[in-house]
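Here is a short briefing on one structure. Look it over first, then read the points below.

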Amino acid sequence: MSEVVLEVSDITKAFPGVVALDRVSFDIRAGEVHALVGENGAGKSTLMKVLAGLYQPDGGEIVYQGQPTKVAGPLDARQKGILLIHQELSLSPELSVAENIYLGAWPCNRFGVLKKRELYSNATRALEALGCGFGPHARVGTLSVAMQQMVEIARAEAFSANVVIFDEPTASLTDTERDQLFHTIRGLKKRGVGIVYISHKMDEIFDITDRITVLRDGQVQGTVDTRDTDLNRITRMMIGRTLDTYFVKAKPEFGAEVLRVEGLSRAGLFEDVSFSVREGEVLGLYGLVGAGRSEVVETVFGVRKADRGTLWWKGAEIDLPTPRKAIDMGMALVPESRKEQGLVLLMGGRENTSLPHLKLFSEVSVMNRAREMGVFEKYRSALSIKTTGPDQAVSQLSGGNQQKFVLAKWLCADPKLIILDEPTRGIDVGSKSAIHELIAELAERGLAVIVISSEMPEVLGVSHRVLAMSEGEVVAEFEGDALTEENLIDAVSHHRQDVAAE
Amino acid sequence: MSDIGAARSGTVGGTALSWLLRNHIWVFLALTLIVFSLSSPYFLTVNNFGNILTQGAFIGILAVGMTLVMIDGEIDLSVGAVLALASALAIGLQDHMGVLPAILLALLSGAALGFLNGALVAYSGMHSFIVTLGALIGIRGLVFVYTGEDALMVQDFSYTELPEIYLGPISLTAIIFFGLALFFQWVLSSTRHGRETYAVGDNIEAAHDAGINVKRHKIINFTLCGTLAAVCGILLSMRLGTAEPNAGRIWELWTIIAVVLGGTRLQGGFGSMWMTIGGVLTLAVLRNGLRQLNTPNYVELMVMGAVLILALALDKVLNRREAGP
């Protein structure tokens, strides 16, 4: 058993109205990857901010390398060798790679003049140790997200970090990039760095971590060795119930065809895509990031243009719509990035809900506040949205509740077809199952539903039928008993190999 | 956003071209020079260029400070008023205490007001637009109180000869502008403070997490901006021999136009003194060239407005291309 590099005991941190951490104790050993899991609001991010010096704990002790330690601030943490790699990367896009690695701690003489040669040679060494394919002079803004993440990880080399905390590091990476990241993490581990790995993605946690600590409501539920446990047990520790209740599938009672797409093509994005969806049916679109799933539905909704293709809406051939026409016909698209596309964050739930259908709520352009309130209350209770009132800014709500408002805003126009793009990305397990239940309920009420997801269990769990997409093409279609992980993986991976072989 | 993982080209192919894309103002400047050279016989003369540099240098010195503040993601609307106050103090006080102490006090007033702006922005959390808008009005009022609503005249005219130093056709004022611009370009590119400026303007949370004292940093840049406004005011008082209470009125707007024209972004994190020099010179060439053509004042304003919007549109187009699809 390797030595403990960082140990926290009985850490408590309270904010007005909430105890975010309640006597939390856990430890990180040198050379291990230690997962920190829990629903949103369980205290993971507070704990990590305490470790990185962004918050000061109200009570408890941090022992670092055998010494009781106070982490005074983020720079102090970094200089001590504790490095936090944020989900929202903590970089300045206009500065160079080297300047970002040493952000705020640039080597300077005593007049504050940069020692550029030292800066760039040190940075080069850190980048080479990680095997990065870019140099220290590149402007960070020109790098891909994965490369930018490597710049942050290079800080671990530059500051000889002993503890590196990863917060949802794969949230915006492709699968290849994730593999590279895992390779890097294993390299850090080999050199004796203790790693804290925070993620919602259970497959990753079982892939890369050695131990798992589960937090719930600010308390540690337990720490277990990864190889001695399974998903079911971890989930139970996280939410206090088992995985069996996790997915609800709508009763397969299908009505008439709502939408049919034939031969939809757009150069460079997708090729010859055909599918149809019926009333009461949940159609899953599965594929890896970059497979063209979002692009296809955005084209159907009229956000993007197509080169070729035919659409039938309730049996009648139609032109490719504009988004306005699509909404008027009865289509709804709930986009993937709700912060960027789905919600006006400073508005309250009431205004967000009515936003796409202001006509329904107004007389000669004057808003009918009472009607708006009625709809808000209806969906607040129907979707059990936790909000203090109709005007609480949605930016203050949790991811799950935000997503429910996004759904509410589309549901109140009474659509015939609703397209959900990654409906549960980045939200906690409890809200996830609420959204899965809602999908089933919508289908049972006779809506046609299209669900896009890169989480295989989710696609399989909620859909009646699944299209597998790869490299812009629909490569397979499964339903009934054929809906299995193996089939989906086979379809997608074989196709990728074929493409690579060509 | 599914293409978020797709790599944006990181190669440094065509460094010169990419420098030009980011500093397109120099292309713009070359174009205006060509147009005016062809349309006015008096434009392309050494003498006129000396004039352009001197005329541009006043806005230029303000623009150097403004650039620092704007890369920080802030704005300082009070520079014109600070300029007027420094100019009034430099002239008004010299009869009582001598020229040098008066100049030092004028400088100090600029530094103090800049510090006050910075401290208010950093500690109150108010937007600098509001803080310095208040400062603009308040300080202008103070100038009227101090001058008694009349222009102050110098008694000793040797004061007006102080800036009469020339390097060929280039006046001392222009030399000071270029000196300051080059010095602060060096500060931006080669010192901790300069790197902090970009980091704070670009991603303030990252800067804070990296242990940068964001509040102190912003106060320093506002103080520098105020001090440079005072430098400008003192030079103006030397050149004119008087201190008008209305001196520098709407110069803050010309300054912002020059900086933005150069390519420095209002939202912060991006810009350089090279860009600002380009913006200042372009503005000066435009004003001078239009006057050479005897353009009526209101037409001049219309042209300047159009140029500003055109330059920003160009910036949008070029940077969209640079950022990829």
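**Briefing: an interface and a sheet**

The contact takes 27 residues from chain B and 38 residues from chain A. Two residues are in contact if their C-beta atoms, placed from the backbone, lie within 7 Å. This is a predicted model: local features need pLDDT of at least 70, side-chain atom pairs count only at pLDDT 80 or more, and totals for chains, interfaces and linings use all residues. Residues are numbered from 1 along each chain as its sequence is written, and chains are lettered from A and ligands numbered from 1 in the order in which they are written.

**Chain B side of the contact**

- Helix H8 (192–202) and helix H9 (204–209) of chain B each supply at least two residues to the side that touches chain A. Helices (H or I, at least four residues) and strands (E, at least two) are DSSP runs, numbered from the N terminus.
- H8(B) gives the largest share of that side, six residues.

**The sheet in chain A**

- Six strands form an open sheet in chain A, in the order E16-E19-E20-E13-E21-E22, with mixed pairing. Two strands pair if DSSP finds at least two bridges between them.
- Strands E16 (331–334) and E22 (473–479) of chain A stand at the edges with a single partner strand each, so one side of each has no neighbour in the sheet.
- Strands E19 (residues 417–421) and E20 (residues 448–453) of chain A pair in the parallel sense over five bridges.
- Within these strands, A:Leu417 stands opposite A:Ala448 in E20(A).

**A helix across the sheet**

- Helix H9 (residues 293–300) of chain A lies across E13 (282–286), E16, E19, E20 and E21 (465–470) of chain A.
- This H9 of chain A runs at about 150° to E20(A). Axes are lines fitted to C-alpha atoms, for helices over the stretch in contact, and angles run from 0 to 180 degrees between N-to-C directions.
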